Amino acid sequence: MGALDIGQAVVIQQGLVLGIEAIEGTDELIRRCAVLRREGPGGVLVKVEKPGQERRADRPTIGPRTIVLAAEAGLLGIAVEADTTIVLDRDEVIRAADRAGLFVVGVRHSWL
């Protein structure tokens, strides 16, 4: 997905792709997926850097608003790429995730 310059994020629920981030950004992706949510365990927002990403301008980013929207959409949690994702107001992200019962995890992967 990233190699095709489509977006930095995707929402997956029960092995199904509910949505892929495009020009609308992460917030609208989450809102759109709230409507598409299936019965059963909620989905996960996955946000990673695209291959060849311009690091000076468009880094993967989450913040407290991301947590609130994810909770409202019924997601279980958020997985971001470790060491590349910007976390705005980290302490508030942790508090908001704890309040909402969401997990937030940084992952490293070998496929990039």
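Student: Among contacts in the protein between residues at least 6 apart in sequence, what share join residues at least 24 apart?

Tutor: The share is 69%, and contact here means heavy atoms within 4.5 Å. Before we go on, this is a predicted model, where local features need pLDDT of at least 70, side-chain atom pairs count only at pLDDT 80 or more, and totals for chains, interfaces and linings use all residues. Residues are numbered from 1 along each chain as its sequence is written, and side-chain values use heavy atoms, with hydrogens and water left out.

Student: How many helices and strands are there in the protein?

Tutor: You will find three helices and seven strands, in the order β-β-α-β-β-α-β-β-α-β along the sequence. They are DSSP runs numbered from the N terminus: helices are H or I with at least four residues, and strands are E with at least two.

Student: Why is Phe 103 called partly exposed?

Tutor: Let's set its value against the cut-offs. Buried means under 20% relative accessible area, exposed means over 50%, and partly exposed is in between (1.4 Å probe, protein chains only). Phe 103 has 37%, so it belongs in the middle class. This residue lies in strand β7 and touches Val 44, Leu 76, Gly 77 and Ile 78, not counting residues up to four places away in sequence.

Student: What makes Asp 83 exposed?

Tutor: Its relative accessible area is 61%, which is over 50%, so the word is exposed. Asp 83 is found in the loop between β5 and β6, and its phi is near 70°, a positive value in a residue other than glycine.

Student: How do you know on which side of α1 the buried residues lie?

Tutor: First, the residues: in α1 (26–36), Thr 26, Leu 29, Ile 30 and Cys 33 are buried. They cover an arc of only 95° around the axis, so they are on the same side of the helix. The arc is that of the directions from the helix axis to the C-beta atoms. What covers these residues includes β1, β2, β3 and α2.

Student: What makes the buried residues of α3 line one face of the helix?

Tutor: The buried residues of α3 are Glu 92, Val 93, Ala 96 and Ala 97. Seen down the axis, they fall within an arc of 130°, so they share one face. Turned away from that buried side are the exposed residues Arg 90, Asp 98 and Arg 99.

Student: Which residues have the most contacts inside the largest nonpolar core?

Tutor: They are Val 11, Leu 29, Leu 45, Ile 67, Leu 75 and Ile 78, in a core of 19 residues. β1, α1, α2, β5 and α3 each supply at least two residues of this core. The name means a set of buried Ala, Val, Leu, Ile, Met, Phe, Trp, Tyr and Cys residues joined through side-chain atoms within 4.5 Å.

Student: Which residues of α2 are buried?

Tutor: Thr 66, Ile 67, Leu 69 and Ala 70 are buried in α2. The buried residues of α2 pack against α1, β3, β4, β5, α3 and β7. Arg 65 lies in this helix too; leaving aside residues up to four places away in sequence, Arg 65 touches Asp 27 and Arg 31.

Student: Where do you find a glycine with positive phi after α2?

Tutor: Gly 74 follows α2, with a positive phi near 80°. Just after α3, Gly 101 takes a positive phi of about 75°.
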